[in-house]
Each structure stands twice: as C-alpha cells, then as structure tokens.
Amino acid sequence: VKSNTKSIIKYQNLKSDDSSITTLPLSYTFGMSCINTLLSVGAKIIISNNSILQKEFWAEYKKNKITIINGVPFTYNALDKLRFFSRPNNIKIFTQAGGKLSDELQIKISDFCKKNNSKFFVMYGQAEATTRISYLPNNYNLKKIGSVGIPIDGGQIKIRNGKLKIIKKKNIVGNIFYNGPNVCMGYSYAKKDLKKGYEWTKGINTGDVGKFDEDNFLYITGRKKRFAKLYGLSINLDDLEKIILNTYSNIEIAIITLGEKIIIFYNNKKMKKRNIKLLIDKINM
C-alpha cells in the first residue's frame, strides 16, 4: 500500500494544498487508493453523500474549491453530459481508471485540459497490486489515444505468450503480467495459506491481453478472464451464471459482455424479470 501510494503521489505531483471530493466508494480499490494518496500529502478530502448528478454535490464542490476529480468512465460520461468540459474550472488534476473511455471523450477531455492548464491521467489497475499499475503521462494524452501508458515507478509489465515466455517484439498481442513492490503475496483460501510465501514470481496474470507499441506504451486489446467492467466494477460472468443456475431449475443460460453491457441468453421467456431482479438483489447493482 505504501509503495503504490508513493508511486502515485510522484507521477501526479500531489500537494498539501490540493482538495478532492469523494466520487468513488471506499470499498472500491481505486476509491481507497485516492484516499491513501491524498491523506499522505496532507491534502483535503470532502466526504460527500451526494452524486455528481445532484445539485448538492456541486454546491459542496464550489464551496470547497475542489482541485482534483477521480472517476471511472461513468463519472466522465456524466460530466460530459453536464457540459463540465465546455467552460473553465478550478480542477488541476483529473484521474480515470476502472475501464476504457471512448477515444472521442479522451480527446475532448485532453483538449479541455490543455486549454484549462489541467492534467489528465488515464490509468490501469489491478486489485492484487493495490489498484493502479500504469498511467498515461499527461503530455501523451493526445499522442497515445487508447493507451494505458507506462508502468508506475518500481513496477514491471510483461507481455507473455501461452507458454509464459516474454514477448519482446512490439505490437504483438499477449497476456499482460505485472510485478512490483505493490503486489500482494497471493490468495488465502484457508488459515494454512497464510504460511505460504510469495506466489507470483512471474507477476500477476491480469487476465487482460494487450501489446506494447514501438515506444513501450501499453494498449489493452481484450480480456481472457470472463469479467465485465461496468461503472468501474469487475463482475465475474461465471458467478452470475452460477447464481441463476443455483436458484432456478430447468433453465439454460449463457452470459457474455459486449462493450459496457452484460447480455444474458436464456431459454425461458418467463424468467426475464425474475433473473434481472435476482441479479440486482444478489450483486447490489
């Protein structure tokens, strides 16, 4: 946690006179990381129970002269609809993780930051590595559209093939592995597992596939694990299937993700509303 916090403070150049407002839940690793970094430099954090779609939020924002906004793609899509990027403001730093922004919105925010003298950091993270593991330097926002940038200070990202050998050629897609001092030791499923040493000598297998370009900037091209990323949340599609199959009998289903949607195929039309209610109740979305 300390290592990841120091790395983030360094590339964002956070200061004690910065101020932020909560836009992410603390139970979310990205949200917790934002708290850690800001508290570590003595910056101010405004705790708000309101969302960015409420007038009360913007009253708090204005009153406290907020200089940093952290968000997932949903946050920035909402800000765009509120025409936040059509007029100057006091924000010095925007950070984004938890999924991919559209190229159009990344360009729009980057153009705005250039005119507003602000910085915009597109990032990529893994919970097992205390969240953020790479960032796109602000001065590359318009040069490397779609990239999640370079590893944080002290981190290493490798592209490996199916046999776990490192792919050194540029623009060749493979499995993304990460290692660094911010990586946890492994998983514990029982008390005896706490005695185990460091498990990931080759690094975390992120479950994502991607490539390095000729300048060593990372691009994510897809996922190997069956996870969907919605509103910054990682949702295991296998878990969703199990929830439905373990609740109802005589039903066949298949679940896929497409863009920012989860699509459920099933063989019983009457189950549509029941399935939706079941998943909402179980995963609290």
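How many nonpolar, polar and charged residues does the lining of the largest pocket have? In this predicted model, the lining comprises 20 nonpolar, 19 polar and nine charged residues. The space in the largest pocket amounts to about 1300 Å³. A total of 48 residues line the largest pocket, and those closest to its centre are Gly 98, Gly 99, Lys 100, Lys 229 and Ser 234.

The second largest pocket holds about 350 Å³ of space. Its lining consists of 17 residues, of which Thr 23, Leu 24, Pro 25, Phe 74 and Thr 75 are the closest to the centre. By class, ten residues of this lining are nonpolar and seven are polar, while no charged residue is found in the lining of the second largest pocket.

Two cavities of 30 Å³ or more were found in a search of the whole structure. The largest cavity contains about 90 Å³ of space. Its lining is formed by Ser 20, Ile 21, Thr 22, Thr 23, Leu 24, Leu 26, Gly 31, Cys 34, Ile 35, Leu 38, Ile 45 and Asn 70. Strand S1 and helix H2 (29-40) each contribute at least two residues to this lining, and H2 gives the most, with four residues. Seven residues of the lining of the largest cavity are nonpolar and five are polar, with no charged residues.

The second largest cavity has a volume of about 40 Å³. Gln 12, Leu 14, Cys 34, Thr 37, Leu 38, Ile 68, Asn 70 and Arg 132 line the second largest cavity. Two or more residues of this lining are supplied by each of H2 and strand S3 (68-71). The largest share, three residues, comes from H2. The lining of the second largest cavity divides into four nonpolar, three polar and one charged residues.

Asp 18 was considered individually. The residue is located in the loop between helix H1 (2-12) and strand S1 (19-21). Asp 18 has a relative accessible area of 2% and is therefore buried, the cut-off being under 20%. Apart from neighbours within four places in sequence, Asp 18 is in contact with Ala 43, Lys 44, Thr 67, Ile 68 and Lys 92.

Helix H6 (residues 237-247) has Leu 237, Leu 240, Glu 241 and Ile 244 as its buried residues. These residues lie on the same side of H6, because they cover an arc of only 100 degrees around the axis. An α-helix has 3.6 residues a turn, so residues three or four places apart point the same way. The elements that cover the buried residues of H6 include strand S12 (227-230), strand S13 (233-236), strand S14 (253-258), strand S15 (261-266) and helix H7 (272-283).

A further feature is the hairpin of S10 and S11. Strand S10 (residues 204-212) and strand S11 (residues 218-223) run antiparallel and are joined by five bridges. Within this pairing, Gly 210 is placed opposite Ile 220 in S11. Five residues separate the two strands of the hairpin, where Asn 216 adopts a positive phi near 65 degrees.

Technical notes: Residues numbered from 1 in each chain as written. Predicted model: local features only at pLDDT ≥ 70, side-chain atom pairs only at ≥ 80, totals over all residues. Heavy atoms only, no water. Buried < 20%, exposed > 50% of the residue type's maximum accessible area, 1.4 Å probe, protein only. Contact = heavy atoms within 4.5 Å. 1 Å grid on protein atoms, 1.4 Å probe; cavity = no way out; pocket = protein on both sides within 12 Å on 5 of 7 lines; lining within 4 Å. Points joined across faces, edges and corners; volume = space filled by probe spheres on them. Nonpolar A, V, L, I, M, F, W, Y, C, P; charged D, E, K, R; others polar. Arc of directions from axis to C-beta. Pairing = 2+ DSSP bridges.
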